[in-house]
Amino acid sequence: MSGDDFSYLVSALPFLLRGLVLTVQVTFVSFAIALVVGLPVFLGSVSGNKLIRSVSRAYVTAVRNTPLLAQLYLYFFLLASYGILLPPLVAGILALSTQFSAYVAEAYRGAYESVPAGQWEAAISVGLRRWPTLFLVAGPQALRPALPVLANILIQMLKDSSVLSVITLTEVFGATKELANQSFQYTILYLTLGLLYLAVSYPWGRATAWLERRLGTFN
Amino acid sequence: MELTQLEFQTILTSVATTVIAAVVATLLALPIGIACGMARVSRFKALRFVIGLYVEVFRGTSALVQLFFAIFVLPSFGITLDPLLTGTAVLALNGGSYAAEIARGALKAVPIGQVEAAQTLNLGWWTTNIGIVLPQAWRIMIPSLGNVAIDILKATSLLSLVAIPEVALTMSNLNMNGSIDSATAYVGLFLVYLILSLPVVAVFAWFERRSARTLGRAEAR
Amino acid sequence: MSTEPSKGAAVGFEGVTKAYGDHVVLDNLTLHIEAGECVAIIGPSGSGKTTVLRCMVGFAPIDDGKIHVGSATVVPVSGSRSERKLAREQLRSVRSQLGMVFQQFNLFPHLTALNNVTLGPRQAGLAREPAEDLAQQLLSQVGLAEKGSSYPRQLSGGQQQRVAIARALAMQPSVMLFDEVTSALDPEMVGDILRLIRGLTETSAMTILLVTHEMEFAELVADRVIFMEGGVIVEQGPPEQIFNSPQEKRTIQFLRSLKDKGG
């Protein structure tokens, strides 16, 4: 890497880092929404009502088996053609959070199923009904192995947020693309981009692995 | 909302491109992943390190970034290939890194007693690892590898962002130039992926049933 | 019960030490077992009795000392590549003289009972037909003649353990190791396995090492009983001595604790 390249990188870095901040913000907001939306989806999947279960399963399948890009197009371009013009940020968060709400719901379900049957039986024997048991007995126990899975989902969302650049959101990937198109400094820029992602995802991944060792996982 | 003959053919061709890219990438990713998983549990430190590097880099960045890197950066190092080939290779390497982690976990999940029994019988490396451990690890891996296959299918949509003519690019182009309306384009695109995912799910469900037939579910009698 | 007569081999432990971190599992153990002898090793959990077997097979590398199995020797793992290579070859030689039956059976679940038994001999160079004949013969001798094409999951625990015994015997070992082989079985199946092992002690010349909790059985078949605790041999001798007139206080305590539990 020559001196020129290095000075270019230094000048480009602030712009890239601003993009990274947006990446992190979008990811965290979408993650929070996914955590919330995932809950009713999960509860639906274990409901006693067959219709509710089917709806939940259909939602999960539809959202998990189709690309984020396709869903993004629906929220951004399709709605726009009906006059509903969502700002890129809103459409991006909407797409990211709905796709991953399905993964979150599956994580909740895995955690729920990892609670031994004996816990439910014990709860019944002391007179606890279904919902209180879920929140007082199963929930707390399921939470521990669920955390590493959720942490993995977060990092996955961070990486997939790069797709949002398609709808002109200048998160870190979009920012890199913009600069690359102007300066043609592809190598420096994309290498830096990769390193930026790794700088976030690698430590997070190690922390998640440590969490997994401490808390156990159920996958 | 009339589609010309040519436009309709373009859509079909682009769907075929999507399918071919997904299938080829998956057929490469799974063996790559299993081999790398085995490398990672081997006793050769250097091998574990090198493969580990590959896995961490490809899992730590998104397929989109890797795609752009391969298409825009590699040419300056003299590596210029057909875009579809490059794209498929990236998807294979990306999927392979996830498969490698899955394989590693599955290999470690096989009870150590199996390896010990094999060692008392002096079965040798190949028979022990390929004949005894791998079949049992495969059984454990199947559901997660099915997810990898689906992810590869979904990732083919990213190829559209580097101008590779798969179905996402075609549909959005046809919408942009007015040939089809947004609903047909984008709902249609959504449905294409949904429909294409069905055989993938079916194939892996079949794998699971087949291996349950011999390995079973450890039912005690 | 015999196939071709397996001659027994002598086993010797010389000052063997094995520790996991600070926890010493085998403490300067010295032991000599004659060819053809049947030795039962008893003791509380954590006494090191299973580790004795595991060190012989090389599942637990020893820190100090030597283990002789017949003509081969197990030594501590050392640094240099050539020494490690030599050690691996010796280990292979040890394993070719040993047969081991595990508490958890460890049958290969994706192979039929027959193939579980033929795998080892075929690896060693035997052709398919003679290997299958041998396996069928052994399966008959353990009482599972018609179960050759069954998969482990279709067999009961006791049946699986019998296949495991046939599998070990197929290698015509000169030393057989039984590691608490009835502990994971339902009570009604334990007797069958013990009868099988007794048959082996009476009709074959193999050296047999038996780690067990089944005291009456040890008394019945063993030439010598070894009581271990805390990684050392506390007392050893003929069964009459150990069970009827134990000399050491700890031995007495251990045997009494078993009786108190109603066992």
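Which residue in strand 2 of chain C stands opposite C:Lys18? I looked this up, and the residue opposite C:Lys18 is C:Leu26.

**Conventions.** I am working on a predicted model, in which local features need pLDDT of at least 70 and side-chain atom pairs count only at pLDDT 80 or more, while totals for chains, interfaces and linings use all residues. Residues are numbered from 1 along each chain as its sequence is written, and chains are lettered from A and ligands numbered from 1 in the order in which they are written.

**Four-stranded sheet, chain C.** I find four strands in an open sheet of order 2-1-4-5 with antiparallel pairing, where strands are DSSP runs (E, at least two residues), helices are DSSP runs (H or I, at least four residues), and both are numbered from the N terminus; two strands pair if DSSP finds at least two bridges between them. Strand 2 (23–33) and strand 5 (72–74) of chain C are the edges, each pairing on one side only, and the twist averages 25° from one strand to the next. Strand 1 (residues 11–20) of chain C is joined to strand 2 of chain C by seven bridges, and the two run antiparallel.

I then looked at what packs on this sheet. Helix 1 (residues 49–57) of chain C touches strand 1, strand 2, strand 4 (64–69) and strand 5 of chain C, its direction making about 75° with that of strand 2 of chain C; angles run from 0 to 180 degrees between N-to-C directions, and axes are lines fitted to C-alpha atoms, for helices over the stretch in contact. Helix 2 (residues 81–97) of chain C touches strand 4 and strand 5 of chain C, at about 115° to the direction of strand 5 of chain C.

**Six-stranded sheet, chain C.** I noted another open sheet, of six strands in the order 6-7-8-3-9-10, with mixed pairing. Its edge strands are strand 6 (98–101) and strand 10 (232–237) of chain C, and its twist averages 20° from one strand to the next. Strand 3 (residues 38–42) and strand 9 (residues 224–229) of chain C run parallel and are joined by four bridges, with C:Ile226 in strand 9 of chain C as the bridge partner of C:Ile41.

**Helix pair, chain A.** The axes of helix 7 (residues 172–183) and helix 8 (residues 186–215) of chain A come within 9 Å and cross at roughly 170°, which means that helix 7 of chain A is roughly antiparallel to helix 8 of chain A (the class takes angles over 145 degrees). Among the residues making this contact are A:Phe173 and A:Leu179 of helix 7 of chain A and A:Tyr190 and A:Leu193 of helix 8 of chain A.

**Chain contacts.** Of the two pairs of chains in contact, I find that chains A and B share the most contacts, whereas chain A and chain C do not touch, their nearest C-alpha atoms being 20 Å apart. Between chains B and C, 21 residues of chain B are in contact with 24 residues of chain C, and helix 5 of chain B supplies six residues, the largest share of the side of chain B that touches chain C.

Note on methods: Contact = placed C-beta atoms within 7 Å. Parallel < 35°, antiparallel > 145°, perpendicular 65-115°, else oblique.
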